[in-house]
Amino acid sequence: MRFIPYGHQLIDDDDILSVVEVLKSDWLTTGPAVDLFEKELASYVGARHTVAVNSGTSALDIAVQALDLPRGSEIITTPFTFAATSNAILYNGHIPIFADIDPITRNIHPDEIRKRISSKTRAIIYVDYAGHPCAIDEIEKIAREHGLLLIEDACHALGTSYKGRKIGTFADMTVFSFHPVKPITTGEGGAVVTENSELYAKLRLLRSHGITRDVGDMFGEGASWGYDMQLLGRNYRMTDIQAALGVSQLRKIDSFIERRNELAALYTRALSDLEWLDLPRTQEHVTHGWHLYTILLKGLERSTLFPYLKERGIGVNVHYIPTYKFSYYQRHYPQNANTFPSTEDIFSRIITLPLYPGMSDEDVEYVSVRLHEAESDLKISI
Ligand SMILES: *Cc1c(COP(=O)(O)O)cnc(C)c1O
């Protein structure tokens, strides 16, 4: 039986060639391919600076660290995301404060952010869920009013735009991931993009042990062996092997997103007659990256439909289990689920359907036919 995964990379011969070229070169890490990838990513999103790292999680971690907040600061974020978003807050000794989502976009709701602000709030991390940009104007207004710093977790949203401007230059720092299911891939990889030169300098240090060779006369004249460790950094460096793949993938990002949009439109057309499904919508003022195509069930339990589709080779998934439900979070940051009615409702009914640029029109048709058959097989009526 065929199996259609929920997400998959699209690797061509030119991707393979560019990686092989690096393998034959002198530089496997911290070389020219990393510089080129950073330059091209910055230029693509229209930003000044990019720091490439070994994962989106590392990118989030150094972005939070670069904020230089006093320990125990509160950072407001969405619970409807991958665990890495709020884990980055914990790595740095801060407190994640979850705010409920907008049930339409599933992005953090600006009104809910306002409700969660306290005297200890210092920053907001917002996530462009599924590749649909957040209510950025409203979030920026809140940040201005309360003097808060902003990190955009755009791991789903490379190549999308908000009010005609590419995602990447709105927040103080914007974070991308290049995991295989994301808009482009480097195997594992991530990046922080910023307009701020001071943050850029800090991010570069934090990526590589906090070490600089720029030591002034710390060890006296002629100490060309000298280096200094200025911050408690890590080794989060991206290899040139990854970066070469990134450069070649980035050249195809617009066609990847175009294909994702075509497939999403095909789904929406094919499924619009099924009254027991709520289909995802796009707001006027954004372009959508369609990292995920999600459906909401009405009058039917997910536990009935999910295995039905899995048995038919459809790689359905659930994005996401709200972060506060994980046992680690329950132990350390117990939350009352009633505080998040929209997150709870969406989580209980959502299913992610397969969507990736290498998917065929026939694959969408196959999923659609199976969903139509489910209506009678599972005696769905609303
Ligand atoms: C994938 C993802 C991350 C983490 O990225 P990795 O590259 O897998 O470490 C963080 N936040 C969101 C919203 C993601 O989807």
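## A term to start with

Two residues are in contact here when heavy atoms of theirs lie within 4.5 Å. A residue counts as buried when its relative accessible area is under 20%. Please keep in mind that this is a predicted model.

## Around the ligand

Which residues come nearest to the ligand? Of the 16 residues around the ligand, they are G56, T57, H156, S177 and K182. Sorted by class, the shell holds six nonpolar, eight polar and two charged residues. Helices α3 (56-66) and α4 (84-91) each supply at least two residues of this shell, and α3 gives the most, with three residues.

For S177, a polar side-chain atom lies 2.7 Å from an oxygen atom of the ligand. For H156, the distance from a polar side-chain atom to a ligand oxygen atom is 2.8 Å. In the side chain of K182, an N or O atom is 2.9 Å from an oxygen atom of the ligand. How much of the ligand does the protein bury? Taken alone, the ligand exposes 380 Å², and the protein buries 93% of that.

## Helix α6

Helix α6 spans residues 136-146, and its buried residues are I136, I139, E140, I142 and A143. Why do these residues sit on the same side of α6? They cover an arc of only 160 degrees around the axis, which puts them on the same side of the helix. An α-helix has 3.6 residues a turn, so residues three or four places apart point the same way.

What covers these buried residues of α6? The cover includes α5 (110-116), β4 (121-127), β5 (149-153) and β6 (161-162). Just after α6 comes G147, which takes a positive phi of about 60 degrees.

## Helix α7

In helix α7 (residues 197-207), the buried residues are L199, Y200, L203, L205, L206 and R207. Which elements do they pack against? Among the helices, the partners are α2 (32-45) and α3. The strands that the buried residues of α7 pack against are β1 (49-53), β8 (173-177), β9 (190-194) and β10 (211-212).

At the start, a side-chain oxygen of N196 reaches to within 2.9 Å of the backbone nitrogen of E198. Just after α7, H209 takes a positive phi of about 65 degrees.

Note on methods: Residues numbered from 1 in each chain as written. Predicted model: local features only at pLDDT ≥ 70, side-chain atom pairs only at ≥ 80, totals over all residues. Heavy atoms only, no water. Near = heavy atom within 4 Å. Polar contact = N/O pair within 3.5 Å; in protein donor to acceptor, adjacent residues only side chain to side chain. Areas by Shrake-Rupley, 256 points an atom, 1.4 Å probe, with all protein chains shown as cover. Helix = DSSP H or I, 4+ residues; strand = E, 2+ residues; numbered from the N terminus. Nonpolar A, V, L, I, M, F, W, Y, C, P; charged D, E, K, R; others polar. Buried < 20%, exposed > 50% of the residue type's maximum accessible area, 1.4 Å probe, protein only. Arc of directions from axis to C-beta.
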